[in-house]
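Q: Hi, I have a structure open and would like to talk through it slowly. Could you help me read it?

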Amino acid sequence: MAVDRVTPTAHTYSAAISAAARGRSMTKAMAMLAAMRRTGVQPDLITYSSLISACAKARSWERALELLEEARKDGLTPNLYTYTTAMSACSKGGQYERALELLHEMRDTGITPDNTAYSVAIDACEKSGRWQTALQLLEDMRIAGLAPEEGKN
C-alpha cells in the first residue's frame, strides 16, 4: 500500500516548534523555522509566538526581539500573547527596561494588557528594583478593572 506524501503546514510546524520550546530546545525550534522557509511554508503569528516562547525559556531576549521584528516584516501584527511572551523573554534575560517598553508599545498599538501582561511587567520591575513603577502598574491594573492574581501555593 502506497502512502501519500504529507506536506507540513504552518500549523504543523508551529505545533512542532511549540513542542521543542516546551522541551527547552531552542536550537530545534529555530531549525524548524529554517525548514519551513526552505519548503516555502510561510510562518504565521502562532509560529512566531511559539518561537518567541522558546526564546523566553532560553533567556534569549535578543533573538525574541528579532523574531518579533521578523513577524512584522512578514506583514503580521503581534497580538497580546506575542507581546507578553516577548516581554517575558526580555524580563528573563535581564532586559527590564525593554520589557516595559514592549508593554507601552502594546498599549500604543491598541492592545489592552491583561493580568498576565501586567504580571510579566511587574515581575520585570521586581527584578530591577523598580518598586515605584510596579506600584504604578498595579494602579493601572485597577483603573483597567483588573485585579492582581492571587499567588499559587
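Predicted model: local features only at pLDDT ≥ 70, side-chain atom pairs only at ≥ 80, totals over all residues.

Q: Which residues does the UniProt annotation "repeat: PPR" cover?
A: According to UniProt, in an unreviewed entry, the "repeat: PPR" annotation covers residues 9-43, 44-78, 79-113 and 114-148. For residues 9-43, the chain is 74% helix and 0% strand, with end C-alpha atoms 9 Å apart.

Q: And where does UniProt put the "domain: PROP1-like PPR" feature?
A: The unreviewed UniProt entry places that feature at residues 19-143. Over this span the chain is 77% helix and 0% strand, and its end C-alpha atoms lie 37 Å apart.

Q: OK, zooming out, how many helices and strands does the protein have?
A: The protein has 8 helices and 0 strands, so that reading from the N terminus the order of elements is simply α-α-α-α-α-α-α-α. Its C-alpha trace spans about 65 × 30 × 30 Å along the principal axes, and of the 153 residues in the protein, 41% are buried.

Q: Changing topic, which residues gather in the patch of positive charge?
A: That surface patch brings together Arg22, Arg24, Lys57, Arg59 and Lys92. One of them, Arg22, belongs to helix 1, which runs over residues 10-22.

Q: Is Arg22 buried or exposed?
A: Arg22 counts as exposed because its relative accessibility is 68%, and the cut-off for exposed is over 50%.

Q: What about serine 25, where is that?
A: Serine 25 sits in the loop between helix 1 and helix 2, the latter covering residues 26-38. With a relative accessible area of 23%, serine 25 is partly exposed, because that class lies between the buried limit of under 20% and the exposed limit of over 50%.

Q: How many residues apart in sequence are serine 25 and lysine 127?
A: They are 102 residues apart in sequence, while in space the distance from C-alpha to C-alpha is 25 Å.

Q: Last one: which residues make the nonpolar surface patch?
A: Trp131, Leu135 and Leu138 make that patch, which has an area of about 320 Å². Leu138 lies in helix 8, made of residues 131-143.

Q: And how accessible is Leu138?
A: Leu138 has a relative accessibility of 33%, and therefore counts as partly exposed.

Key
Residues numbered from 1 in each chain as written. Heavy atoms only, no water. UniProt positions renumbered as here; feature names shortened; annotations may be inferred. Helix = DSSP H or I, 4+ residues; strand = E, 2+ residues; numbered from the N terminus. Patch = residues over 30% accessible without salt bridge, like charges linked within 9 Å, V, L, I, M, F, W, Y side chains within 5 Å. Areas by Shrake-Rupley, 256 points an atom, 1.4 Å probe, with all protein chains shown as cover. Salt bridge = Lys/Arg side-chain N within 4 Å of Asp/Glu carboxyl O. Lys, Arg positive; Asp, Glu negative; His and termini not counted. Charge placed at Lys NZ, Arg CZ, Asp CG, Glu CD. Buried < 20%, exposed > 50% of the residue type's maximum accessible area, 1.4 Å probe, protein only.
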